[in-house]
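Biologist: I would like to learn how to read helix packing and aromatic contacts in a model such as this one. Could we go through them together?

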Amino acid sequence: MHLVLCAIIATFVFAPVASWESCGIEDGGGLCPDGNTCCSVGNVPGKSSCITQKKNAPNNMTSSCCTDDGMGMTGCGPGYRCVHEVPDSYFCEIVPDDEERFGTDEEQSPIPPQRLPRYRLCSVPPASLQKVHGLIIGSMNNKNTESTNTSGQLAYYSTMGSLDATDAETLFRHAKVRVALIMIHGSGRNADDYICCGVSSIPKEFSSTSVLVVAPRFLAPRDGPVNITATMENGQHPPPLLEWNETDPIPHTWRYGANAINSEISSYDAMDTLLERLVLDNDRFPLLERVVVAGHSAGGQFTHRWSLTSSSQAWARDNTNYAGTLQRQVLIRVVVANPRSFCYLDGRRYVNGSLALPDHSTISACPGYNTWEWGLDSGGRLPTPYKDRALDTVGGKKQMIERYNSRDVVYLAGALDVEPVRSECEDDDFQGPNRRERSKRFFASLNEIYGASIHHRRLLVSGVPHDHCLMFQSAEGRIALFGNNRDVAITHLIN
């Protein structure tokens with residue numbers, strides 16, 4: 001099934017459940033993503049900066065707005081306090097009285113780090129949080145409005161309004177965009193928080209008008225009803241917002257490319273269309289040079305498997321053959337941060353330090369270890385027509401593996417992301433005890449497969465645990481998001 005983008009005049013989606021909250025006057029009086037901590041920005045009225053939410057923080061533990069940096073633009077998460085050591089060392093230190101409240105059972109709540117980097121606080125225009133837009137996915141050529149199983153809308157946040165806006169002001173802003181950063185949320189589906197973290201990760205030397213940040217939201221039925229206001233061409237009715245099953249047959253089905261529950265559209269189909277909306281629209285985005293698709297945790301699982309299987313026509317623009325042509329070259333980078341598991345490219349796994357096929361008894365105890373989502377073998381718990389079509393389109397596993405190496409993929413691993421993760425034999429027994437080790441082993445397998453010709457890179461983010469904002473705001477994270485190939489070829493970052 002080939003999906004095409006439908007032309008629309010304008011589409012806006014407003015969720016009745018707020019994805020933002022108003023900050024008190026003492027904290028600037030602005031807006032922050034739901035669950036964030038508000039901080040004031042100097043004496044600027046109506047503007048607040050935000051500390052990312054910590055959904056697993058123990059009750060009554062609050063975040064801290066740091067003011068000792070002279071700008072009030074850093075903060076510490078729950079249970080940590082702001083510390084400044086002369087001359088220029090700013091960090092977060094665990095509050096002694098709160099240390100025991102984190103828990104110390106390493107199987108459940110590992111001992112928290114004594115010291116963490118500070119958050120770079122986010123401040124975004126209110127409209128970026130208040131408006132959730134809808135991008136048409138699929139074909140709207142069928143005039144039978146009751147037939148919506150091949151079309152739908154992907155919900156998304158944007159720092160520059162709707163990607164289909166027709167007003168002069170938004171078109172003017174889109175025409176200046178050089179980099180588009182697409183932030184894929186984790187299992188919490190907190191896309192509002194991710195767009196905020198994406199904005200705060202932009203290096204200071206980048207012009208704010210040149211970077212567009214977009215954060216899709218893969219909705220679930222439990223998100224409740226969403227009201228849609230849309231103006232369609234030819235009097236057509238807008239298709240429904242796409243929703244994915246969050247529990248069956250496995251949790252968070254969107255991360256593995258499953259079809260929506262109300263459409264035959266895969267989450268990867270939706271990502272392809274979003275990418276094409278940016279890359280192929282020369283008129284709207286004439287200066288666009290790069291698109292970065294970044295995800296953390298469940299979002300990292302999404303970006304990894306999508307970049308492996310996607311056959312979107314947008315990838316053709318990530319080619320020097322387009323440099324200097326009217327259709328312009330657009331570089332595409334994928335950032336895979338701290339995923340729980342990987343899709344291995346063959347049946348080998350690391351056993352006693354060596355990459356080899358597991359023995360018969362080991363496979364018999366876990367026969368699905370190399371099926372989708374952990375490998376490319378047929379079968380698996382989650383039917384994924386997108387993956388099956390992708391293998392047919394590219395010509396099989398061998399061709400898909402070769403194509404994957406041609407893509408610019410950067411893996412980020414938190415040096416402190418060592419919490420034991422136990423769930424299923426397919427990743428627990430075959431991929432490693434924690435996310436950092438799983439990243440290390442998977443990247444080592446790529447080196448075995450591709451050898452000296454490997455095009456991918458892996459960066460170890462020092463001093464950071466399983467935290468999406470700290471990962472992307474780190475020096476290594478900003479290199480992954482905004483650096484060029486030369487920047488990431490640094491040996492001490494890839495061990």
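Predicted model: local features only at pLDDT ≥ 70, side-chain atom pairs only at ≥ 80, totals over all residues.

Biologist: How are two packed helices described, and what are the values for α7 and α8?

Modeller: Two packed helices are described by the angle between their axes and the distance between the axes. Here the axes of α7, residues 385-394, and α8, residues 397-405, come within 8 Å and cross at roughly 90°, and the two helices are therefore roughly perpendicular to each other.

Biologist: How many aromatic pairs does the structure hold, and how is the pair of tyrosine 411 and phenylalanine 442 arranged?

Modeller: There are 14 aromatic pairs. The ring centres of tyrosine 411 and phenylalanine 442 are 5.9 Å apart with their planes at 70°, and since planes over 60 degrees apart count as edge-to-face, this pair is edge-to-face. Tyrosine 411 belongs to strand β21 and phenylalanine 442 to helix α10, so the pair ties together parts that are 31 residues apart in sequence.

Biologist: Are tyrosine 411 and phenylalanine 442 buried or exposed?

Modeller: Both are buried. Elsewhere, ring pairs link Phe218, Trp244, Trp254, Tyr268, Phe302 and Tyr386 into a cluster.

Biologist: Where do the charged ends of arginine 115 and arginine 407 sit?

Modeller: The charged end of arginine 115 sits over the ring of phenylalanine 91, 3.6 Å from its centre, while that of arginine 407 sits over the ring of tryptophan 315, 3.9 Å from its centre.

Methods:
Residues numbered from 1 in each chain as written. Heavy atoms only, no water. Axes fitted to C-alpha atoms, helices over the stretch in contact; angles between N-to-C directions. Helix = DSSP H or I, 4+ residues; strand = E, 2+ residues; numbered from the N terminus. Parallel < 35°, antiparallel > 145°, perpendicular 65-115°, else oblique. Phe/Tyr/Trp six-rings, centres within 6.5 Å; stacked < 30°, edge-to-face > 60°. Buried < 20%, exposed > 50% of the residue type's maximum accessible area, 1.4 Å probe, protein only. Lys NZ or Arg CZ within 6 Å of the ring centre and 35° of its normal.
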